[in-house]
Amino acid sequence: MFKKIGIVVVVLVGGFLAFAATRPATYHVERSASIGAPAEVVYSNVDNFKTWGAWSPWDKLDPQMQKSFSGPERGVGAGYAWQGNKKVGKGSMTITAVEPGKSATYRLEFLEPFAAVATTWFTIVPEGPNGSKITWAMDGHNNFAGKVFSVFMNMDQAIGTDFEKGLAALKIVAEDQAKRQAEAEAAAKLAAEAAAADKAKAEAEAAEKAKAEAEAEAGKAKGNRKR
């Protein structure tokens, strides 16, 4: 009896492992969003890991997550490592390539709860007069453990949902920045126009005063000649 049960279990396990081995060796996840902010404003939030806390979907999963930064503040070589609860695990990211204002590529390494390496990137293109479209994507390889894992979890759905949340939060952050930047530029323009108007008024008053003084001097000289 137990021998038969053992044979059945072995057959089932073997069948499952054989099925898992047929799963795709790679995966791709991609999400996009339209943001009412210039491309350079959006880009400034993705090429500096210290700004990620304001919109990253994973920061919200563990507010106590430990973070460390390495390399330059932004651009190629900038690094970020994290360690948190079971929801965020442990891993690191490094920027490997950038096209300022347009794209940034990262090497993403997961250490816990499973080991894996993937490539992620953002691309940003202008959209409309003052907006932009951002795409967040990830490509990775499935080793055998990854194939087994993919039987129980849809990578596109799981990671894609996080991407959607992150892009929604990034939209709020970038649009607020763009609004404040536009307000600051408008205020600076008004101040410059007011200063220019004050200068023009002062110059006109000075010219008028000089003219009046010149006319007074001319009148005085003419009176002296008559005497």
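## The whole chain

Start with everything shown: among contacts in the chain (heavy atoms within 4.5 Å) with a separation of 6 or more, 54% are between residues 24 or more positions apart. Before you click further, note that this is a predicted model, where local features need pLDDT of at least 70, side-chain atom pairs count only at pLDDT 80 or more, and totals for chains, interfaces and linings use all residues. Residues are numbered from 1 along each chain as its sequence is written, and side-chain values use heavy atoms, with hydrogens and water left out.

Switch to cartoon view. You'll find four helices and seven strands; these are DSSP runs numbered from the N terminus, with helices being H or I of at least four residues and strands E of at least two. Trace the chain along its sequence and the pattern reads α-β-α-β-β-β-β-β-β-α-α. Of the 227 residues, 30% are buried (under 20% relative accessible area, with exposed over 50% and partly exposed in between, using a 1.4 Å probe and protein chains only).

Select residues 66-70 and 79-83. These are strand 2 and strand 3, antiparallel and joined by five bridges; two strands pair if DSSP finds at least two bridges between them.

Which residue of strand 3 is the bridge partner of K67? Click W82 and you have it. On the strand 4 side, W82 stands opposite G91. Then look at the hairpin of strands 3 and 4: six residues lie between them, and G89 in the turn has a positive phi of about 65 degrees.

## A stop at N45

Next, select N45, in the loop between helix 2 (39-43) and strand 2. Is N45 buried or exposed? It counts as buried because its relative accessibility is 2%. Show its side chain together with that of Q177: a polar contact of 2.8 Å joins them (a pair of N or O atoms within 3.5 Å; within protein, one must be able to donate a hydrogen and the other to accept it, and residues adjacent in sequence count only if both atoms are side-chain atoms). Beyond its neighbours within four places in sequence, N45 also touches others, including W52, W55 and L170.
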